[in-house]
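Colleague: Could you walk me through this model and tell me what stands behind the words you use for it?

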Amino acid sequence: AGGYDDDRWWGDLIKPEPEESTWKQSNHPRTDVDWYESVAFTRWLTVALGYEVRLPTEQEWEKAARGSDGLLYPWGNEYLSGYANIDETWNKAGEWNLRKTSAVGIYPQDRSPYEIMDMAGNVWEWCLNKYEEPDNITHDSSGDRRVLRGGSWISSTDGARAGNRLGSNPGGRDDYGGFRLLSSVPIADR
C-alpha cells in the first residue's frame, strides 16, 4: 500500500532495502523481515486502522503463551508430537520436520490458555524489548539486540518452549523469523 516508502513510519529506525519473504504463500507468516521493518509496519497499520497495533513486549508474549500457570508449552508442560511446526527429529521428540513455515492456524491443538495459536514453532517472533535490557522497549537505531520468542520450524523442542528467548541484531532477517501483532482493540469490537 506504499507504506514502505513513506518516511513517516521510519523515524528513529533504520530503513533497509525491502526483501521478499522466502515463503510467499499468503496464509504463512511473513519472514525475512527485520525488527525495524516490523516496528515501521505497526506504525503504518496503526494509522490505517485507527487504533494501536504494535509488537508485544516479551513479557506480554510470554504471558499469552504460558498463561497464569506458567506452562512450558502453550498446551501444557510436555512437548506433544505434531502440536507445533518445529524439527521434532532434532532431539527425537517425534517424526515431523516440514523444513519450512506452515499456514497460520493449522495446529489448533497448540492453543495457549488464552486461545492464542501458533506460539510454539513456525517462526521466531520479534518483541519490542532489548535483549540485554528486558525492560527497555524504546524504538531506536542503536543496533542493540532485540528479543525473539516462540521458536521456529528449525527449532527443537527446547527452542519452542514458551520461556525460551533469543536475542538477535535488529537488522537481521531470516527465513525462520517474523512477527506477531498485538492490538489494543479486542477483535470482537472491530
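Modeller: The chain has two helices and six strands, in the order α-β-α-β-β-β-β-β from the N terminus. This is a predicted model, where local features need pLDDT of at least 70, side-chain atom pairs count only at pLDDT 80 or more, and totals for chains, interfaces and linings use all residues. Residues are numbered from 1 along each chain as its sequence is written, and side-chain values use heavy atoms, with hydrogens and water left out.

Colleague: How do you know which strands pair with β2?

Modeller: Two strands pair if DSSP finds at least two bridges between them. Three bridges join β2 (residues 124–130) to β3 (residues 146–149), running antiparallel, and three join β2 to β5, running parallel. Trp126 faces both ways along the sheet: it stands opposite Leu148 in β3 and opposite Phe179 in β5.

Colleague: Why are β4 and β5 said to stand at the edges?

Modeller: The open sheet is ordered β4-β3-β2-β5, with mixed pairing. β4 (165–168) and β5 (177–179) each have a single partner strand, so one side of each is left without a neighbour in the sheet.

Colleague: How do you know that helix α1 packs on the sheet?

Modeller: Contact means heavy atoms within 4.5 Å, and α1 (residues 35–49) touches β2, β3 and β5. Its direction makes about 85° with that of β2; angles run from 0 to 180 degrees between N-to-C directions, with axes fitted to C-alpha atoms, for helices over the stretch in contact. Helix α2 (residues 58–66) lies across β2, β3 and β4, at about 135° to β2.

Colleague: Why does Asn136 count as buried?

Modeller: Buried means under 20% relative accessible area (exposed is over 50%, partly exposed in between; 1.4 Å probe, protein chains only). Asn136, in the loop between β2 and β3, has 17%, so it counts as buried. Seven of the seven residues of β2 are buried too, so that strand is largely enclosed by the rest of the structure.

Note on methods
Helices (H or I, at least four residues) and strands (E, at least two) are DSSP runs, numbered from the N terminus.
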